[in-house]
Amino acid sequence: MRHHVLRLLYTILISISASTVVPHQACAFDWWFFDNEGIAYDIVIEGSNKKLEDRLERRAREVISEEYPPKNKAELEAASAEMAERIREELVSRGYYDAIVSSIFESDTATSIITFNIEQSQRYTLKDSTIRWDDTRDKTPYHALMVQDGKPATAKSILKSAEKLRDAIDAKTCYLSLTVNPEVVLGSAAHTASAHYVVKHGNPANFGSTVFKGDSDVDEGIIRKHITWKEGECFSEDKLQLAEAALLQTQLFSVARFKPAKKTDVAGNAPITLKLRDRVKRTVSAGASYGTSEGVGVIAGWEHRNLRGKADR
């Protein structure tokens, strides 16, 4: 059913294009797009925690493209090796660092079967995690933000801790640049790992003046409404990111990027450059839509943006 619908929608779009773009000309189109059934296959997961089986199968199926599925058994068997690697990556991200994944490919029936055998091993837990600074700053106030000893050494929890740690440091400092990168080291004790949060930062700085660059017709007053800091205030990368998001959400710009100077001036201020590029002022869209209740229909739209530089729409 799905392919019939796609074929119908494609036919409508072709008809629209032929009548509005290149009238009275013959159009030739390649129908390979719809020839994408591929070879039938199934995936079996054995040896894993039952709660993980569905997730591991989904990770394996990510390898197979719906648009370009394997056309024969040889291509499918080749894809099974990457499937096994995806499964292992998922297990490692969940703390099973010693996991081993092997596969068996069976193609004696109409539907090929790929069986993945999992030696999951024991899950690693965290022990003796640290914060590593490139200076002598007191680290004690931030220890509570790390994943605590005894908890599973999962990628999700460690990355979340790194994000919280960075936000906490950014809120209390004025560093011109700041990164927190976690490193995981497997311990000598059985199934333990240490997470080391490596903190690197630039010099303290305050916000300097903001200079606009790029090709934009938007009124400067409209732009400055989204700049929430004042010159001389404590610098924060998070404030720059929030302002970028706010400017892009206006749908007036295709590019909005703040870039602080690499060094401060004698007063300790870091000048900010804002690169802007306006979106196209007029957009026309035409296409086909399909809904189970509405059936097939043609959609069209016209939108103006910023006709007078005052954020008109």
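This is a predicted model: local features need pLDDT of at least 70, side-chain atom pairs count only at pLDDT 80 or more; totals for chains, interfaces and linings use all residues.
Helix 4 itself covers residues 155-172, which makes 18 residues. From its first C-alpha to its last it reaches 26 Å, close to the 26 Å expected at 1.5 Å a residue. The residues of helix 4 that count as buried are I158, S161, A162, L165, R166, I169 and D170. Viewed down the axis of helix 4, these buried residues fall within an arc of 165°, and they therefore line one face of the helix. An α-helix has 3.6 residues a turn, so residues three or four places apart point the same way. On the face of helix 4 turned away from the buried side lie the exposed residues K156 and A171.

The protein as a whole contains six helices and 12 strands. Of its 313 residues, 33% count as buried. Among contacts between residues at least 6 apart in sequence, 61% join residues at least 24 apart. The protein exposes about 19000 Å², of which carbon and sulfur atoms supply 52%.

In soluble globular proteins, nonpolar side chains tend to be buried together. The largest nonpolar core in this model has 21 residues, and M83, I87, L91 and F116 are those with the most contacts inside it. At least two residues of this core come from each of strand 1 (41-46), helix 2 (50-61), helix 3 and strand 3 (112-119). Helix 3 gives the largest share, six residues. The surroundings of F116 can be listed in detail. Leaving aside neighbours within four places in sequence, F116 is in contact with I43, V44, I45 and E46, with S80, M83, A84 and I87, and with V101, S102 and S103. Two of these partners, M83 and I87, are also named among the core residues with the most contacts.

Charged side chains form a further set of interactions. A search of the whole structure finds 15 salt bridges, and three of them are set out below.

| Salt bridge | N to O distance |
|---|---|
| R86 and E82 | 3.3 Å |
| E90 and R94 | 2.7 Å |
| K239 and E233 | 3.7 Å |

R86 and E82 both lie in helix 3 (residues 73-93), four residues apart, about one turn of the helix. R86 has a relative accessibility of 22% and so counts as partly exposed. E82 is likewise partly exposed, because its relative accessible area is 40%. In the remaining pair of the table, K239 counts as partly exposed at 31% relative accessibility, and E233 counts as partly exposed at 29%.

Which residues are linked in a network of salt bridges? The network joins R55, R59, E62, E82, R86, E89, E90 and R94. Among them are R86 and E82, whose closest N and O atoms are 3.3 Å apart, and E90 and R94, whose side chains meet at 2.7 Å.

Terms used
Residues are numbered from 1 along each chain as its sequence is written. Side-chain values use heavy atoms; hydrogens and water are left out. The expected span of a helix is 1.5 Å times one less than its number of residues. Buried means under 20% relative accessible area, exposed over 50%, partly exposed in between (1.4 Å probe, protein chains only). The arc is that of the directions from the helix axis to the C-beta atoms. A salt bridge is a side-chain nitrogen of Lys or Arg within 4 Å of a carboxyl oxygen of Asp or Glu. A nonpolar core is a set of buried Ala, Val, Leu, Ile, Met, Phe, Trp, Tyr and Cys residues joined through side-chain atoms within 4.5 Å. Contact means heavy atoms within 4.5 Å. Accessible areas come from the Shrake-Rupley method with a 1.4 Å probe; for residues, only the protein chains shown count as cover.
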